[in-house]
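Okay, thanks for coming, everyone.

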Amino acid sequence: MSATVAAPTPWQRVKAWLDVRFRSPSAIYGLIVFTTFVTLADDEAHDVAEVLLNSTSTLIVFFIAHVFAHTLTDHGDRGFRGSTRNAVRHAAGMLYASVPSILALAVGIATGQTVPDAVDNCITAMFVVLAILGYHAFRRRGYRVFGRIMGALATSFLGIVIVILEVAVH
């Protein structure tokens, strides 16, 4: 006789949904790339809405390129529909992970923030998302709380360094 398995709680379902969307290579890549776009747009933008529009449209172009690349490489095995569906599912993290940063810019628009302040809030949002991802990665590896916190900080700072390097290259 087998034991009955309890259905997941609503909070467990939310955590599983967030885990699938935010804890993926494409999500982390999208978050860092979006923050780089925001930082680059900061130099030339006249207002926060322009930063948001330029950064988001560029991220969407990168998302389409990501979907195209996956569809093309998977097309022979799954056909066009199956490979496109799989590609969108795989690349969706690029869009999901940038939502907190997009919200930071939207709040900047709504509250009339200056471009530098809104960009700082966007970078802070990226820092926090990376810290959460780093914390959970170190938790899964069995680290104690101090190690998790240090891992979260290291993850966030590495993300900032990557953004700085990308901006320097451009």
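So, what kinds of residues make up the lining of the largest pocket? You get 7 nonpolar, 5 charged and 1 polar. Keep in mind, please, that this is a predicted model. That lining takes in 13 residues, and the ones nearest the pocket's centre are K15, L18, D19, I132 and H136. As for volume, the largest pocket comes to about 420 Å³.

Which helix gives the most to that lining? That's α5, with 6 residues. If you want to find the helices on the screen, α5 runs over 115-140, and α1, over 10-22, also supplies at least two residues of the lining.

Okay, let's zoom out for a moment. The C-alpha trace spans about 70 × 45 × 30 Å along its principal axes.

Now for how two of those helices pack. In general, you describe two packed helices by the angle between their axes and the distance between the axes. Here, take helix α2, residues 25-42, and helix α4, residues 99-111: the angle is about 30°, and the axes are 9 Å apart. Angles under 35 degrees count as roughly parallel, and α2 and α4 are therefore roughly parallel to each other. Who makes the contact? From α2 it's L31, F34, T35 and V38, and from α4 it's S101, I102 and L105. Sort the residues of that contact and you have 5 nonpolar, 2 polar and no charged.

Last topic: aromatics. How many aromatic pairs does the structure hold? There are 3. Let me show you one of them, F127 with F157: the ring centres are 5.3 Å apart and the planes sit at 75°, so this pair is edge-to-face. F127 is in helix α5, while F157 is in helix α6, residues 145-169, so the pair ties together parts that are 30 residues apart in sequence.

Key. Residues are numbered from 1 along each chain as its sequence is written. This is a predicted model: local features need pLDDT of at least 70, side-chain atom pairs count only at pLDDT 80 or more; totals for chains, interfaces and linings use all residues. Side-chain values use heavy atoms; hydrogens and water are left out. On a 1 Å grid over the protein atoms alone, a cavity is a set of points where a 1.4 Å probe fits but cannot get out, and a pocket is an open set with protein on both sides within 12 Å along at least five of seven lines; lining residues have an atom within 4 Å of a point. Grid points are joined across faces, edges and corners, and a volume is the space filled by probe spheres set on the points. Helices (H or I, at least four residues) and strands (E, at least two) are DSSP runs, numbered from the N terminus. Ala, Val, Leu, Ile, Met, Phe, Trp, Tyr, Cys and Pro count as nonpolar, Asp, Glu, Lys and Arg as charged, and the others, Gly among them, as polar. Axes are lines fitted to C-alpha atoms, for helices over the stretch in contact, and angles run from 0 to 180 degrees between N-to-C directions. Angles under 35 degrees count as roughly parallel, over 145 as roughly antiparallel, 65 to 115 as roughly perpendicular and the rest as oblique. Contact means heavy atoms within 4.5 Å. Rings of Phe, Tyr and Trp (its six-membered ring) pair if their centres lie within 6.5 Å; planes under 30 degrees apart count as stacked, over 60 as edge-to-face and the rest as tilted.
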